[in-house]
Amino acid sequence: MITIHHLARSRSDRAVWLMEELGEPYELKLYRRLESLSAEAAYKALHPLGSSPVIGEGDMMLAESGAVIEYLATTQGGAALAAKPGDADYADYLFWFHFAESSLMPELVREIMAEFGGIAFDHPSRQYARDRAAHYLRYTDARLARVPWFAGDRFTAADIMMAFPFTTTRQFTPVDLSDYPHIAAFVDKVEQRPAFRRCRQKTGEE
Ligand SMILES: N[C@@H](CCC(=O)N[C@@H](CS)C(=O)NCC(=O)O)C(=O)O
């Protein structure tokens, strides 16, 4: 059975949400963040990376969001929320699945860390990150103006990857969505999903 090691208010909520969507059994272990936002020592000890998410199955321990969600999406629930080579939505699925952590999250995290580190709001490095984030957000909003879900017509693990920057991340940095109405509608839609709500109940983060 899969064990999900969930660090409070962190990327591992994607793994819990995915397993709830698939209706697959899993064991959930909860861990705290320190005041510094760092994971508690027990979490750091799970995997050499020391960051969330981490899942386990037998002797295997896996970290890194993309790897964790791809592992679960392809091995659990008959891969119902994954796309595969040959599927019409495969390229879009791959793009948005990876865009979430490879391009979008680094810009948002840069802003969180700059604020945390007391770098002036108008410092050129912060402006650069904000401009890039705005460019990514416009592109994301335009995608959702055309299709209901990131891969196209159906809800997939790409939506689970792409929701995190607008759900949990916004508890740390205010991303104003008033200029991005389609992203805002997407967030409302995913927050209504019964599996998303069960995830929040189980992690105690309603
Ligand atoms: N690129 C990594 C980033 C992992 C990451 O920074 N996770 C954060 C939580 S969302 C974390 O573990 N923070 C606590 C710490 O580093 O101690 C991934 O997507 O897995």
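In the hairpin formed by S3 and S4, where two residues stand between the strands, Gly58 adopts a positive phi near 60°. The structure is a predicted model, in which local features require pLDDT of at least 70 and side-chain atom pairs count only at pLDDT 80 or more, whereas totals for chains, interfaces and linings use all residues. Residues are numbered from 1 along each chain as its sequence is written. Strand S3 (residues 54-57) and strand S4 (residues 60-63) pair in the antiparallel sense over four bridges, pairing being assigned if DSSP finds at least two bridges between two strands. Within this arrangement, Met60 of S4 is the bridge partner of Glu57.

The chain contains eight helices and four strands, the helices (H or I, at least four residues) and strands (E, at least two) being DSSP runs numbered from the N terminus. Read from the N terminus on, these elements follow the order β-α-β-α-β-β-α-α-α-α-α-α. The radius of gyration of the chain is 17 Å, which agrees with the value near 17 Å that a compact globule of 206 residues would have; the radius is taken over C-alpha atoms, and the globule rule is 2.2 Å times the number of residues to the power 0.38. Along the principal axes, the C-alpha atoms fill a box of roughly 50 × 45 × 30 Å. Of the 206 residues, 31% are buried, a residue being buried if 20 or more other C-beta atoms lie within 10 Å of its own, exposed if 12 or fewer, and partly exposed in between, with C-beta atoms placed from the backbone. Among contacts between residues at least 6 apart in sequence, 65% join residues at least 24 apart, where a contact requires that the C-beta atoms of two residues, placed from the backbone, lie within 7 Å.

The domain assignment divides the chain into domain 1 (3-81 + 195-203) and domain 2 (90-193), with bounds that come from an automatic or database domain assignment. The C-alpha centres of domain 1 and domain 2 are 20 Å apart, and 14 residues of domain 1 are in contact with twelve residues of domain 2. On the side of domain 1 that touches domain 2, helix H1 (13-22), helix H3 (65-75) and helix H8 (194-203) each supply at least two residues. By class, that side of domain 1 has seven nonpolar, two polar and five charged residues; Ala, Val, Leu, Ile, Met, Phe, Trp, Tyr, Cys and Pro count as nonpolar, Asp, Glu, Lys and Arg as charged, and the others, Gly among them, as polar.

Helix H1 is largely enclosed by the rest of the structure, because nine of its ten residues are buried. These buried residues are Asp13, Arg14, Ala15, Val16, Trp17, Leu18, Met19, Glu20 and Glu21, and they pack against strand S1 (3-7), S2, S3, H3, helix H6 (157-163) and H8. H1 is followed by Gly23, which has a positive phi near 70°.

The residues around the ligand are Leu7, Ser10, Arg11, Ser38, Ala39, Gly50, Ser51, Ser52, Pro53, Glu64, Ser65 and Glu101, a residue being included if its C-beta atom, placed from the backbone, lies within 6 Å of the molecule. This shell divides into three nonpolar, six polar and three charged residues. The peptide bond from Ser52 to Pro53 is cis, with omega near 10°, and Pro53 is placed in the loop between helix H2 (41-44) and S3. Glu64, in the loop between S4 and H3, has a positive phi of about 80° although it is not a glycine, and counts as partly exposed because 16 C-beta neighbours lie inside 10 Å. Leu37, likewise not a glycine, has a positive phi of about 80°; Leu37 is found in the loop between strand S2 (27-31) and H2 and is partly exposed, with 13 C-beta neighbours inside 10 Å.

Two further loop positions were examined. Gly86, in the loop between H3 and helix H4 (90-116), counts as exposed because it has 6 C-beta neighbours inside 10 Å, and its C-alpha atom is separated by 36 Å from that of Leu7, 79 residues apart along the chain. Asp153 lies in the loop between helix H5 (124-146) and H6 and is exposed, with 10 other C-beta atoms within 10 Å. Leaving aside neighbours within four places in sequence, Asp153 is in contact with Val147 and Pro148, while the C-alpha atoms of Asp153 and Asp89, 64 residues apart along the chain, are separated by 8.6 Å.
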